[in-house]
Amino acid sequence: MAMMTGDQYRASLRDGRVTFIEGERVEDPATHPLLKTAVDVAADVYDKLYSPEPDATSPIYFIPQSKEDMETRRVALEGASDMTSGTSSVSAMSIAMAAPDLAKANPVYRQRIYDYIDYVRKHDLRLAEAVTDAKGHRKLRPHQQHDPDMYVRVVDRNADGVFITGCKMHISAASIEHELVIFPTKAMRPGEEAYAFGGAVAVNAPGVTIIDTTYAPHGEDLRHYPVSSKRNTPEGYVVLDNVFVPNERIWLDGEVEYAGVLASALGLWERTGGGTYKQREGEDRIVGLAALMAEANGVADEPHIHDKLATLMIFATMCRAGHEAAWANATTNEDGNLIPSTLFISATKYYQNELQDRMIDILHDIAGTMVSNAPTMGDFENPDLRPMLETLLETPGFTAEERLKLYHYIRDTTADAFGGWSSVTGKQAGGGQYAQRIVTSRNYDMERAKEIARRTVGIGHGAVAAGKEQS
Amino acid sequence: MLTGDQYRESLRDGRRSYIDGKVVEDAAAHRLIGKSVDWVAKTYDAHYSADAGASNPMYQLPRTKEELQAQMDFLLTSDPTAASTAGSMALRNVAPELGSANPAYRERLEAFLDSCRDKDFRVSIAQSDLGGPVRIVERRDDGVVIRGGKHHVIGGAVVHELIVVPARAMGPGEEDMAVACAIPANAAGVKMVSTTTAPQSKDDRHFPYSRDHSVPDTIVMFEDVFVPSDRVFLAGEVEKSGALNETLGIWERARSTAAQADQAEILLGMANTIAEMNGVADAAHIRDKLATMAVYARLCRAGWEAALAHARTTETGMVVPDDSYIYAVRAYGVTNYSEMAGWVHDIGGALILTAPTVADFENEATHMYVEKYMSTGATVKGEDRMRIFHLIRDLTAERYSGWAKISNQMIGGGMFAQKLAALDTYDIESARSKASSAAKVNDGS
């Protein structure tokens, strides 16, 4: 087998899959108005990474074992990444990270995982991270729910495999990918064996139904949505109705004590941002947008603007620092796969999300109401309107069109459907803010902290040089 | 008075209105603007009376705190052009001051406001300048010619009259920019460019609020528009130029403070409902978040009530809520709003974005899956939970909410400006004397 081109990828999605959007069946994702852009973006990445060599494989499946490997990955994927390549990398790296632990449950699982990664690599497939269950009543365990299918579970089995039923929610890009990699949402307990399931099924397997939602813009002239019209991703509500999973695609089947291993491996890579390494730009972009808007609005020299920009700069720098620290403190697992520091990742993600919306508020305060009511490019091009709009909108250093583009970009990414999507998913990816607190608490070296305190105060077993520590 | 249908008909008046570069021939029939027209028409129908002397309550100036609260209650359940029309009526309070510059100004303004009431016309306020201030480019015996642009004219494309006022007080040398007047929306030389938060989807039922609560946010361009003298309320008297803006500002801040208290309660209500539906209402960390939101909602309400309790009545009879409380609670509400919306997102979860649509719920092929997996127990219908998620998305994570958040944040010059105004309007002497007497020092002031 060989790598796929963009067009081969497009064709590969016409495989009989059952997906719906806004109440209608999607016959072909590659031509559907609300999915086409997402497919095009993924196809473009296929084309960029494509090599005709028969043995060539995609760098998205290169599992890093060192920081040098991460750098190699970063260079190979520079300018060639999208949601589907991200979810594929994250899924593969997560099961690879869990492989040694799962081998303790059953040695065959480890082999199946690496065989599966070989398989998707060989066929150049895209993988969805199918993790979040419907969950039902959140305080009840899976087996206590009013409906036993609130968490995906094994409902039947035969010699060749198992049948699973349930629903995985908010599965990014699922309907434009090939495989669903099933992760348990969380750790399972004795009695919940049916729910301790990990494996993979094809998106077009019988019994799979996907209901999509999307922030892809509707309308005729999409230039008003400079970002979301060019890059968007459907979210899948993935229903598994008695779906068969063959034995070779199963790497957890009832061993409750290992369910958490898969869940937390995925959580870590999700929080890390799809395995991004040294390429964070989002927070610095906010600083840049605010600075440009201040200039365009003629207030760049105001002391209160300097003050606000400094707040944004501190935010951006702290976010970058947290990520760099996560990689500087990375470790490797038993199989040699590189793992960024869980502590730094979760603490940084919490910090960022705690402040992100406030930083956007500052950007809006500097930019003003034109963010939400700037005329569209269609208005600007109308000869009846253009001359007057040019006069009214241009400011020193900025043409009317440049100013409009700034407003449109900020609205699309922070104050419209895509902005809302980014804000909510930012908080929810890899678990909500509460989950980040829990993960941070679990990974923080509390003994060290207490020891420092004991030593400094001069109590307990570190009572020696209390006085010296003060200086 | 006009019925809703008469109002719809009245907008077919030859106005030059655009959206996305295309001419809106008939506002009532337009795919997006028509949704706003329907909303305004609903307010018309709700208050219609065939009696000759009847008029809508939005034209009556509240004279007491109780009347002001009652008017706010009415406006919070009506369309935004009712609010801008009621706001323009507040300009009656500036009439005497304008009259001191030129008695004709007072008579004209009062006559104009009376005529709006008698014709049951809706009015939008054109205040924020786009580019330089709107200015007089020609003075004639029978009127003035103005030029310039105003933006954030709420409802501009669906009202009858635009009241143009200076965005700030003008100084000597800026006489041509000290202009206030009324201009019919269909006047020659007026061009309106609107954006709207009305959903673009053909089936917009998963936008439960914005589908019938969107209003055009209009840029109005005046390309040498002639304004006859009887519609000119200020034309060069710079010393009076700040008065209109100031009065409108008082009214707008009062309205937005009352609205903020309601909005804070909706946020808390949505959070509490979805927490219960998700089965986590009694989890310790969820209760902590709900408590934060309850404190927010109570303080937003308290600020408005305190401002009302300390209201004063001006010489002209206008009820003015206390500025210091208004600014403080506005600054508090706006600064913390995103955090509160964030807690709704945190408690609700990603289904806020990914709950299937009403059409998916109705489609036979997916209906059972939507009901089954959106339900969280015997007492929670999947459909109900789906609808709550739609509301949360529409009100906190969509085009409408982005627009509403920014519009609200920027009232009074933005969240930082409002905070500074809270300091400037504070009775600082009282604070200082408390400190100095506690420290037993002579304040020296």
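Chain A and chain B bury about 6,300 Å² between them, and carbon and sulfur atoms give 60% of that area. The contact involves 72 residues of chain A and 75 residues of chain B. The model is a predicted one.

**Interface between chain A and chain B**

- A:Tyr237, A:Met388 and A:Leu392 supply 10% of the area that chain A buries against chain B, more than any other three residues.
- There are 37 residue pairs in polar contact across the interface of chain A and chain B, with both residues at pLDDT 80 or more.
- Helix H14 of chain A (residues 417-428) provides eight residues, the largest share of the side of chain A that touches chain B.
- By residue class, the side of chain A that touches chain B has 26 nonpolar, 26 polar and 20 charged residues.

**Salt bridges**

- Seven salt bridges are found across the interface of chain A and chain B.
- One salt bridge is formed by the side chains of B:Arg399 and A:Asp416, with 2.4 Å from N to O.
- Over all chains, the structure holds 63 salt bridges.

**Four-stranded sheet of chain B**

- Four strands of chain B form an open sheet with mixed pairing, in the order E3-E6-E7-E10.
- Strand E3 (123-126) and strand E10 (232-235) of chain B are the edge strands, each pairing on one side only.
- On average, neighbouring strands of this sheet are turned by 25° against each other, direction ignored.
- E3(B) and strand E6 (residues 161-164) of chain B run parallel and are joined by four bridges.
- Opposite B:Ser124 stands B:Leu162, a residue of E6(B).
- Helix H6 of chain B (residues 103-119) packs on the sheet and touches E3, E6, strand E7 (179-184) and E10 of chain B.
- The direction of helix H6 of chain B makes about 145° with that of E10(B).

**Six-stranded sheet of chain B**

- Another open sheet of chain B has six strands with mixed pairing, in the order E2-E1-E8-E9-E5-E4.
- The edge strands of this sheet are strand E2 (22-23) and strand E4 (129-140) of chain B, and each pairs on one side only.
- Strand E1 (residues 16-19) of chain B pairs with E2(B) in the antiparallel sense, over two bridges.
- B:Ile19 has B:Lys22 in E2(B) as its bridge partner.

Terms used
Residues are numbered from 1 along each chain as its sequence is written. Chains are lettered from A and ligands numbered from 1 in the order in which they are written. This is a predicted model: local features need pLDDT of at least 70, side-chain atom pairs count only at pLDDT 80 or more; totals for chains, interfaces and linings use all residues. Side-chain values use heavy atoms; hydrogens and water are left out. Contact means heavy atoms within 4.5 Å. Buried area is the accessible area (1.4 Å probe) that two parts lose on being put together, summed over both. A salt bridge is a side-chain nitrogen of Lys or Arg within 4 Å of a carboxyl oxygen of Asp or Glu. A polar contact is a pair of N or O atoms within 3.5 Å; within protein, one must be able to donate a hydrogen and the other to accept it, and residues adjacent in sequence count only if both atoms are side-chain atoms. Ala, Val, Leu, Ile, Met, Phe, Trp, Tyr, Cys and Pro count as nonpolar, Asp, Glu, Lys and Arg as charged, and the others, Gly among them, as polar. Two strands pair if DSSP finds at least two bridges between them. Axes are lines fitted to C-alpha atoms, for helices over the stretch in contact, and angles run from 0 to 180 degrees between N-to-C directions.
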